[in-house]
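Subject: Structure handover

Hello,

Here is the structure I said I would pass on. My notes on what was found in it follow below.

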Amino acid sequence: MHNSILIVAAHPDDEVLGCGGAIASYTAQGVPVQVIFVADGISARVTHDTAELERRHTAARKAGECLGISSVSFGDFPDNKLDTVPLLSIVQTIEQAIAQYQPNTIFTHHAGDVNIDHQRVHQAVVTACRPQPQHPVKTLLFFEVPSSTEWQPPGSAPSFHPNWFIDISHTLAVKQQALALYQEELRPFPHPRSLEAVTALAQWRGATVGVAAAEAFILGRHLG
């Protein structure tokens, strides 16, 4: 039983893409879900300003409200440059969130994503969740992010082979609504970061386990 869940995402929209349906399912059951974003999400772009950053933060807050998230917090590490930040700094940010929220479950990125920020966040979460006595986190789950996870060529990094599925048949519509709030991050189909492609992925993941829609994860660790 989940008593508290923490989502550690590199950028605003990763939380919806990776586990938005699962979040909506848990919050509907009364489970508190917190989200922290590590990087600012826009500073790597050729043109960006504070107004764009605020729009993305606003979208994240609205998406959080849509999904029933208890709190959303934003880091200010540089976008697509987390490999230039000492790993310890990222780890300490995550450790502070763990100390504050005491989650027993964390959802975060897969190690093999193309995006360097996703890779670093994964590494930092694993480091922050070293299985020491009295550590609150008992379950680690790694999600896929369309337009990053599937873009890694075979052999270049660990492949995403899910072994944990969450039925989102009844929350797929909520995931779609939350994702639509990130309008500036969406692309036209057949881009994988389109509403149509995200929906198709959920339906395919569901079909592989016998339900209408699902999100797929790699179980990193589970202490029952």
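A pocket, as the word is used here, is an open set of grid points with protein on both sides within 12 Å along at least five of seven lines. Please keep in mind that the model is predicted.

By that definition, about 170 Å³ of space lies in the second largest pocket. Its lining is made up of 16 residues, and those nearest the pocket centre are Thr-149, Glu-150, Gln-152, Ser-159 and Phe-160. Sorted by class, eight of the lining residues are nonpolar, five are polar and three are charged.

The search of the whole structure turned up one cavity of 30 Å³ or more. The largest cavity holds about 90 Å³. Among the residues that line the largest cavity are Leu-17, Gly-18, Glu-144, Pro-146, Lys-175 and Arg-205. Helix H1 (14–28), helix H6 (195–209) and strand E7 each contribute at least two lining residues, and H6 gives the most, with four. The class count for the lining of this cavity is seven nonpolar, one polar and four charged.

Next, the sheet. Seven strands form an open sheet with mixed pairing, in the order E3-E2-E1-E4-E5-E7-E6. Strand E3 (71–77) and strand E6 (164–167) are at the edges and have a single partner strand each, so one side of each has no neighbour in the sheet. On average, neighbouring strands of this sheet are turned by 25° against each other, direction ignored. Within the sheet, strand E5 (residues 139–143) and strand E7 (residues 214–222) run antiparallel and are joined by five bridges.

Last, the nonpolar core. Which residues of the largest nonpolar core touch the most other members? They are Ile-7, Cys-19, Tyr-26, Phe-107 and Phe-217, out of 34 residues in that core. Two or more core residues come from each of strand E1 (5–9), H1, strand E2 (33–39), helix H2 (50–67), E5, helix H5 (172–180) and H6. H1 provides the largest share of this core, seven residues.

Regards

How values were computed. Residues are numbered from 1 along each chain as its sequence is written. This is a predicted model: local features need pLDDT of at least 70, side-chain atom pairs count only at pLDDT 80 or more; totals for chains, interfaces and linings use all residues. Side-chain values use heavy atoms; hydrogens and water are left out. Two strands pair if DSSP finds at least two bridges between them. Axes are lines fitted to C-alpha atoms, for helices over the stretch in contact, and angles run from 0 to 180 degrees between N-to-C directions. On a 1 Å grid over the protein atoms alone, a cavity is a set of points where a 1.4 Å probe fits but cannot get out, and a pocket is an open set with protein on both sides within 12 Å along at least five of seven lines; lining residues have an atom within 4 Å of a point. Grid points are joined across faces, edges and corners, and a volume is the space filled by probe spheres set on the points. Ala, Val, Leu, Ile, Met, Phe, Trp, Tyr, Cys and Pro count as nonpolar, Asp, Glu, Lys and Arg as charged, and the others, Gly among them, as polar. A nonpolar core is a set of buried Ala, Val, Leu, Ile, Met, Phe, Trp, Tyr and Cys residues joined through side-chain atoms within 4.5 Å. Buried means under 20% relative accessible area, exposed over 50%, partly exposed in between (1.4 Å probe, protein chains only).
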